[in-house]
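Please take a moment with the sequence and the three-dimensional model shown here, and keep both in view while reading.

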Amino acid sequence: MCKGDLVAEADRLHSTNILIASLSRQDVALLEPYLVREELAREAVLIEAGRPIEHLWFPEGGIASVVVDTADHGMTEIGIFGREGFSGIPLLLGATASPHRTFIQVDGHMGLRIAAAPFMAAVDQSATLRTTLLRYVQTFIVQLAHSTVSNAHQRIEARLARWLLMCHDRYDADEIPLTHEFMAMMIAAERSSVTVSLHVLEGAGMIRSRRGRVAILDRNLLEELAGDGYGRSEAEYRAMIAPFGKTDPWIAAS
């Protein structure tokens, strides 16, 4: 299928986006005539801050960052999502634009794009579609809350462990293309501090780091280090929507 083509008929009901896959056939039918599958390359902008939101995206992989850009501090990431979410939360909540920028940080995957007008028409038509999407909004709010607590109270190594686990949940392979600059933005830290923290995690056998890539070696150790900073939003997603993440919730609870 060529880039930008409408999703083929045989493939219309299949998507690795968990939200799309969790919808009823009736709700998918409201969206599918307007869905376009396109490649989501690194640095592709899904929402530009302050501009009208014309399209929404349901990523089928990769990692998207929601960032705040200020004159004093530059870009700071406030949240991430991948195939478990979508980029159009402001529209769903009644806004036409967002003060935050959303773009792809880890690429190599496709996404389903839909124009704002038919999306909102489908949401207005189906209470079950709206409810499912609002459930995702709830999980994202939980993520934002725990990001705030983690950045305020946890040491850099624990914050880094948390974000690496979150990236790992959204990426198929154990080796993730992550730059030091991106990781510094993720945890609101200086690049030099991230470099030191990576050495600490690598020395403990949790990860292997090389230029532009981080391999997850031991999730259990990363989860121990991340502590309460990791797991609440993921558990919320599993409870409200569908299975998500690489941690078995029964094992984690035992």
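The paragraphs that follow look at one helix and then at a single serine in another helix.

Bear in mind throughout that this is a predicted model. We can begin with helix α8, which takes in residues 191-203 and so is 13 residues in length. From its first C-alpha to its last, α8 reaches 18 Å, which is close to the 18 Å expected at 1.5 Å a residue.

Which residues of α8 are buried? They are V194, S197, L198 and L201, and because these residues cover an arc of only 105° around the axis, they lie on the same side of α8. The face turned away from that buried side carries the exposed residues S192, H199 and G203. As for what the buried residues of α8 pack against, the partners are the helices α6 (156-169), α7 (180-187) and α9 (219-226), together with the strands β9 (207-210) and β10 (213-216). Following α8 in the chain comes G205, a residue whose phi is positive, near 80°.

We can now turn to S150, whose place is in helix α5, the helix formed by residues 127-153. Is S150 buried or exposed? Its relative accessible area is 2%, and since buried means under 20%, S150 counts as buried. The side chain of S150 makes a polar contact, at 2.6 Å, with the side chain of Q154. If the neighbours within four places in sequence are left aside, S150 is in contact with R159 and R162.

Key: Residues numbered from 1 in each chain as written. Predicted model: local features only at pLDDT ≥ 70, side-chain atom pairs only at ≥ 80, totals over all residues. Heavy atoms only, no water. Helix = DSSP H or I, 4+ residues; strand = E, 2+ residues; numbered from the N terminus. Expected span 1.5 Å × (residues − 1). Buried < 20%, exposed > 50% of the residue type's maximum accessible area, 1.4 Å probe, protein only. Arc of directions from axis to C-beta. Contact = heavy atoms within 4.5 Å. Polar contact = N/O pair within 3.5 Å; in protein donor to acceptor, adjacent residues only side chain to side chain.
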